[in-house]
Amino acid sequence: MTGTLRQMLTCHWSARRIQRYLDADPAAPLTPGEVARLEGHLATCERCTRIVQEHRTLHRALSRWSGATSVDSRSVDRVREFLSTIDDQDPT
Ligand SMILES: [Zn+2]
């Protein structure tokens, strides 16, 4: 049970950093240690890997609209919603 709890906490920890990890936001960079921990978790967690894939799909879509000045807020909301679902999920 301890392993399940630790996994859940790591998922929560990771979900909060995946966006920053993929965005490489210079205003809020992850430390090398955080990146290593996140990548280590992604290697073992199917659920968080799915989140990363969601984000990458969104990023690809955004890069196609390079002429647009604003982000499609509906897409961003969808990803945020997805992330909050993950956070709230009760692992069995
Ligand atoms: Zn996870």
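**Confidence**

pLDDT is the predictor's confidence in each residue, on a scale from 0 to 100. I am looking at a predicted model, so I kept to its rules: local features need pLDDT of at least 70, side-chain atom pairs count only at pLDDT 80 or more, and totals for chains, interfaces and linings use all residues. My residue numbers start from 1 along each chain as its sequence is written. I looked up the mean pLDDT of the protein and found 81, with 80% of its residues at 70 or more.

**Overall fold**

From the N terminus on, I read the order as α-α-α-α.

Next I checked burial (buried means 20 or more other C-beta atoms within 10 Å of a residue's own, exposed 12 or fewer, partly exposed in between, with C-beta atoms placed from the backbone). Of the 92 residues, 7% count as buried.

For contacts, I took two residues whose C-beta atoms, placed from the backbone, lie within 7 Å. Among contacts between residues at least 6 apart in sequence, 67% join residues at least 24 apart.

**Tyr21**

I found Tyr21 in helix α1 (residues 2-23). Tyr21 is partly exposed because 18 other C-beta atoms lie within 10 Å. Leaving aside neighbours within four places in sequence, Tyr21 is in contact with Leu30, Val35 and Leu38. I also noted Glu34, 13 residues from Tyr21 along the chain, with 9.1 Å between their C-alpha atoms.

**Phe82**

Beyond its neighbours within four places in sequence, Phe82 is in contact with Ile51 and Glu54. The C-alpha atoms of Phe82 and Glu54 are separated by 8.9 Å, and the two residues are 28 apart along the chain.

Key
Helices (H or I, at least four residues) and strands (E, at least two) are DSSP runs, numbered from the N terminus.
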